[in-house]
Amino acid sequence: MGNTLPAMLKDDTLNQTDPIFDTPEQNLAKQSVPRLEKELGECCDNQLDYCFYLGSALALPIGIKRKTVFPIIAGGLGGSALDFFKTFFFTCNGERERLQAAIAVARGPPATS
């Protein structure tokens, strides 16, 4: 797993600073977002991926019986997806919540029309 985050967490408006309108909390949050992104990426990278191996191992007898590799590939892909979601949403949930909170503070209150 790489250090990429979903596009919804990345926003170019965080890089725009306006010292007149930004509060000190927003400036601090904007400075902490890259550090929090790095922490979340490192947390996701450091997790062991067991579901990939489990999915591949469970599909191995089916692949041997049918004399094809497709069940093994499907088991590995399904296990990889499960590893990603397990890591991103459960194991590294604290890092993800801190990053989302910092992004929300950096964006500030919603503009009223």
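Helices are DSSP runs (H or I) of at least four residues, numbered from the N terminus; in this predicted model, helix H3 comprises residues 70–91, and Ile73 lies within it.

**View 1. The protein chain is built from 4 helices and 0 strands.** Read from the N terminus, the elements of the protein chain follow the order α-α-α-α. Of the 113 residues in the protein chain, 30% count as buried.

**View 2. Helix H1 packs against helix H4.** Helix H1 spans residues 24–45 and helix H4 spans residues 93–107, and the two pack with their axes 8 Å apart, at an angle of about 155°. Because the angle lies over 145 degrees, H1 is roughly antiparallel to H4. The crossing in which H1 passes H4 is left-handed.

View 3. From Val33 to Ala101 the sequence separation is 68 residues, while the distance in space, C-alpha to C-alpha, is 9.5 Å. Cys43 is likewise found in helix H1 and, with a relative accessibility of 13%, counts as buried.

**View 4. Helices H2 and H3 cross at roughly 160°.** Helix H2 covers residues 50–66, and its axis and that of H3 come within 7 Å. Since angles over 145 degrees count as roughly antiparallel, H2 and H3 are roughly antiparallel to each other. H2 passes H3 in a right-handed crossing, whereas the crossing of H1 past H4 is left-handed.

**View 5. Lys67 sits in the loop between H2 and H3.** Most residues other than glycine have a negative phi. Lys67, which is not a glycine, has a positive phi near 55°. With a relative accessibility of 76%, Lys67 counts as exposed, because that category takes in values over 50%.

**View 6. A nonpolar patch on the surface is formed by Val69, Phe70, Ile73 and Leu77.** Together, the residues Val69, Phe70, Ile73 and Leu77 present about 430 Å² of accessible area. Ile73, which belongs to helix H3, has a relative accessible area of 43% and is therefore partly exposed.

**View 7. Arg35 and Glu39 are joined by a salt bridge between their side chains.** Side chains of opposite charge can pair when their charged atoms come close. For Arg35 and Glu39 the distance from N to O is 2.9 Å. Both residues of this pair, Arg35 and Glu39, lie in helix H1, and their spacing of 4 residues amounts to about one turn of the helix. Arg35 is partly exposed, with a relative accessible area of 46%, and Glu39, at 28% relative accessibility, also counts as partly exposed.

**View 8. Arg98 and Glu95 are joined by a salt bridge between their side chains.** The distance from N to O in this salt bridge of Arg98 and Glu95 is 4.0 Å. Because Arg98 and Glu95 are 3 residues apart in helix H4, about one helical turn separates them. Arg98 has a relative accessibility of 45% and counts as partly exposed, and Glu95, with a relative accessible area of 21%, is partly exposed as well. The count of salt bridges in the model comes to 2.

Notes:
Residues numbered from 1 in each chain as written. Predicted model: local features only at pLDDT ≥ 70, side-chain atom pairs only at ≥ 80, totals over all residues. Heavy atoms only, no water. Patch = residues over 30% accessible without salt bridge, like charges linked within 9 Å, V, L, I, M, F, W, Y side chains within 5 Å. Areas by Shrake-Rupley, 256 points an atom, 1.4 Å probe, with all protein chains shown as cover. Buried < 20%, exposed > 50% of the residue type's maximum accessible area, 1.4 Å probe, protein only. Axes fitted to C-alpha atoms, helices over the stretch in contact; angles between N-to-C directions. Parallel < 35°, antiparallel > 145°, perpendicular 65-115°, else oblique. Left-handed = near helix turned anticlockwise from the far one by under 90°.
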